[in-house]
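Let's walk through this model together, one topic at a time. Keep the sequence and the 3D view at hand as you read.

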Amino acid sequence: MSTTPRDLILCCLAGDEAAVVELVDLYRDRVFRFCYRMLGQHQDAEDAAQETFVRVFRSLAAWDRDREFEPWLLAIAGNRCRTMLAARKRIPTTGLVAEEQLIDRRPDGALLRSLREEVQLALLGLRPEHREAFVMFHENGLSYDQIADAIRRPLGTVKTWIHKARQQLMAQLRQRDVVGAR
Amino acid sequence: MRCEQFEERLHRRLDRREDPGEDAHLVRHARRCPECRETLAACARMIDGLNLLELSVPDDDFSLRVLHRTSVGKPSPAHRHRFRIAWAAVGTAVALSLLISVAWRADRTESSPVPASLTAAVPLADDSRLGADIASLTNRTPQHGPGFSASLALGQQPPLSLLLRWKETWGDATWSPVDGLADGLNPITVPLSVAVEEIRRTIPLSLIDQPPAPSADSVRREVRSDKPPVA
């Protein structure tokens with residue numbers, strides 16, 4: 001018998017701890033990956049993902065059952081990531097993106113690794129709100145409507161943000177001469 | 001196809017999650033236009049790069065840590081039960097206070113005139129004359145309800161009407177406790193010396209200025225002096 005996310009949520013609301021674990025297991029990779037794209041660091045992404053779930057369970061009773069769960073979850077994750085990014089601006093750190101900036105130039109498989117790291121680096125160069133919408137669309141597979149609903153922005157704004165994010169990513173890849181590597 | 005149209009078409013395909021490299025129109029234009037060729041190549045690299053992005057996963061105990069954090073601070077069933085009892089007690093106390101307050105107000109509004117049974121105006125058969133005397137002495141109009149003065153004068157418990165209306169009665173700055181008890185009986189408001197002088201003036205002088213009663217010695221002396229001398 002398969003349990004839908006909605007059933008799990010109802011069980012969570014009834015205080016079923018097993019359902020809490022199951023719901024976290026169901027979404028943890030997607031939330032973590034989203035946070036990782038937003039923040040670029042494993043530890044920060046894990047903290048943000050954990051905080052996201054804690055907040056989700058605290059406000060689960062307020063969740064509008066007419067809305068889809070995943071966009072709501074990712075919207076909370078996006079808020080957490082933007083808060084952490086804002087905190088980063090206030091606290092100067094060293095080597096924040098260092099692990100992503102260390103481009104491996106070794107000949108074996110270097111191109112693929114380099115491409116992956118270049119894209120990750122370019123993603124981190126986007127404005128947080130553009131990045132959030134872009135990752136939701138391209139990585140989490142949400143539609144424009146779902147994103148607009150999740151981040152409470154007009155549909156046109158979401159489309160504009162995602163188009164700008166794409167253009168900036170492509171421009172950066174061209175600028176860093178990654179284009180001809182295919 | 002112009003370059004603007006190329007860009008527009010490219011984004012439209014990306015919006016539909018389709019590979020722009022499979023669009024013949026885009027590829028044909030890109031072959032002729034170096035700028036758009038670079039854009040198409042960058043787009044392809046971006047898609048490849050996104051597909052290559054690490055599929056990182058959180059640590060294994062991630063779910064348990066979340067569960068621990070959501071459980072911390074959540075009261076246990078025993079705590080919740082105790083809280084419920086405490087809240088019920090507080091609620092009951094508040095409700096009782098409100099009830100007493102409402103009853104008190106209702107009683108106040110209905111307390112005049114006070115029922116005769118509560119006023120304790122009970123001069124008995126032998127006391128009927130005393131009661132009548134007191135009533136005539138106090139000659140009080142029943143401002144505070146029937147039986148008020150008699151009950152006070154008889155030293156009985158004050159009636160309920162007085163208990164209930166003490167505030168409005170005593171709160172009146174122009175009212176004095178002896179007002180209305182008897183005609184002409186007023187509180188002393190003048191200075192003590194003036195009052196003493198007034199008392200001296202109103203008490204008959206004969207009582208005040210009468211010489212002191214003679215002592216036994218003086219009477220004896222007087223008798224002796226009145227006796228005629230023995231011949």
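Predicted model: local features only at pLDDT ≥ 70, side-chain atom pairs only at ≥ 80, totals over all residues.

Residues are numbered from 1 along each chain as its sequence is written, chains are lettered from A and ligands numbered from 1 in the order in which they are written, and side-chain values use heavy atoms, with hydrogens and water left out.

Chain A holds nine helices and zero strands (helices are DSSP runs of H or I with at least four residues, strands are runs of E with at least two, both numbered from the N terminus). Of its 182 residues, 52% count as buried, meaning under 20% relative accessible area, with exposed over 50% and partly exposed in between (1.4 Å probe, protein chains only). Take the contacts in chain A (heavy atoms within 4.5 Å) between residues at least 6 apart in sequence: 62% of them join residues at least 24 apart.

## A closer look at D44(A)

Is D44(A) buried or exposed? D44(A) counts as buried because its relative accessibility is 17%. This residue sits in helix α3 of chain A. Setting aside neighbours within four places in sequence, D44(A) is in contact with L39(A), M84(A) and R88(A).

The size of an interface is often given as the accessible area lost when the parts come together. Here, chain A and chain B bury about 4000 Å² between them, 60% of it on carbon and sulfur atoms; the figure is summed over both parts (1.4 Å probe). Chain A gives 44 residues to the contact and chain B gives 35 residues.

How many salt bridges are there between chain A and chain B? The count is five, each a side-chain nitrogen of Lys or Arg within 4 Å of a carboxyl oxygen of Asp or Glu. One of the salt bridges joins the side chains of D15(B) and R166(A), at 2.9 Å from N to O. On the side of chain A that touches chain B, α2 (17–39), α3 (42–58), α6 (110–124), α7 (128–138) and α9 (155–175) each give two or more residues. The largest share, eleven residues, comes from α2(A).

Definitions and conventions. Buried area = accessible area lost by both parts, 1.4 Å probe.
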